[in-house]
Amino acid sequence: MKRTLWAACATSALCACSPAPAPQPGPADKPAATAPKAAPAPVPAPAQVETAKAAAAPETWELPGSLGPLTTRLELDARFGKANVREETFDGAEGIGTYPALVIFPDDPRKRLELVLDADNPDAPIRELRVPTAGSIWHDASGLRTGMTLGELVALNGAPVTFYGLGWDYGGTVQDWHGGKLANGVGERLFHRITLAARKQEDGDALPLGDGTFRSDDAKWPTIGKDLVVAELGISWPHEGED
């Protein structure tokens with residue numbers, strides 16, 4: 001009996017002296033996973049920023065706008081898209097020689113714009129901005145545009161105009177604005193060139209022909225105000241020494 005009691009006491013003493021086992025961490029005690037750090041956003045190069053600005057800028061179709069004699073091919077590519085700018089070669093007046101031009105939107109008649117270059121030096125300043133199709137969306141600040149009738153042109157000018165007869169290389173070119181608002185005065189920053197043509201449905205033989213000059217208010221041609229339209233618009237910068 002005494003031995004049993006002593007053994008029980010000894011066992012109790014040993015249990016009291018043994019350290020308690022450390023509690024195991026539960027699911028809630030696990031350390032939270034560290035979120036991966038986001039990579040810093042790439043900083044766009046200045047050229048990319050400028051290209052994005054040009055692409056985002058709304059096109060007004062007003063001439064000359066930001067286009068000038070020193071506009072470069074790279075600037076045209078950035079503004080209109082490289083696929084929309086092409087170099088073409090044209091025959092000179094009366095079949096004399098050829099000359100190059102940078103053409104914007106070459107396959108879209110409503111947006112086509114030709115930047116005429118120097119025949120002898122394509123790297124020289126641009127000679128002229130040319131809108132070659134009637135009904136184009138290009139126009140100048142005064143509202144001058146292709147597709148308008150001769151009558152509308154005269155009203156915009158505020159005076160009659162004189163032009164060459166049709167049917168030859170310089171046919172339909174306006175020669176005199178008679179002091180109107182569109183006149184190319186000495187010292188003007190821009191020079192306007194207008195070429196008239198017959199409406200498609202009109203018979204050209206019934207209109208003024210040849211290298212003579214004709215006035216828009218000539219009573220011999222009472223219907224030319226509606227039978228002739230602006231077929232081509234040119235805008236250029238007078239060169240030094242030119243009037």
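Two strands count as a pair here if DSSP finds at least two bridges between them, and the strands themselves are DSSP runs of E with at least two residues, while helices are runs of H or I with at least four residues, all numbered from the N terminus. By that rule β4 and β5 are joined by three bridges and run antiparallel.

Before I go on, a word on the model. It is a predicted one, in which local features need pLDDT of at least 70 and side-chain atom pairs count only at pLDDT 80 or more, whereas totals for chains, interfaces and linings use all residues. Residues are numbered from 1 along each chain as its sequence is written, and side-chain values use heavy atoms, with hydrogens and water left out.

The pLDDT, which is the predictor's confidence in each residue on a scale from 0 to 100, averages 82 over the chain, and 72% of the residues score at least 70. Over residues 1-20 the pLDDT is below 50, and this stretch has zero contacts in the model beyond near neighbours in sequence, a contact being heavy atoms within 4.5 Å. Residues 51-55 also stay under 50, and for them the model has two contacts beyond four places in sequence.

Now to the sheet. It is open, has six strands in the order β2-β3-β4-β5-β11-β9, and its pairing is antiparallel. The edge strands are β2 (85-91) and β9, each of which pairs on one side only, and the twist averages 30 degrees from one strand to the next, where axes are lines fitted to C-alpha atoms, for helices over the stretch in contact, and angles run from 0 to 180 degrees between N-to-C directions. Helix α3 (residues 73-80) packs on this sheet, touching β2, β3 and β4, with its direction at about 125 degrees to that of β2.

Let me go through some of the pairings. Strands β3 (residues 98-104) and β4 (residues 113-116) are antiparallel over four bridges, and A101 has V116 in β4 as its bridge partner. The pairing of β5 with β11 is likewise antiparallel, over four bridges, with V131 opposite L233 in β11. In β5 (residues 128-131), E128 and R130 point one way and L129 and V131 the other way, and all are buried, meaning under 20% relative accessible area, with exposed being over 50% and partly exposed in between, for a 1.4 Å probe and protein chains only.

Which residue of β5 is the bridge partner of E114? The partner is R130, and R130 also forms a salt bridge with E114, the closest N and O atoms being 2.6 Å apart. Because R130 lies in strand β5 and E114 in strand β4, the pair ties together parts that are 16 residues apart in sequence. A salt bridge here is a side-chain nitrogen of Lys or Arg within 4 Å of a carboxyl oxygen of Asp or Glu, and the count by this rule comes to 12. R130 and E114, both buried, belong to a network of salt bridges that also links R86, E88, D107 and R112.

For another pair, E59 forms a salt bridge with R79, again with a closest N to O separation of 2.6 Å. E59 lies in the loop between α2 (46-56) and β1 (62-63) and R79 in helix α3, so parts 20 residues apart in sequence are tied together. E59 is partly exposed, with a relative accessible area of 24%, and R79 is partly exposed, with a relative accessible area of 24%.
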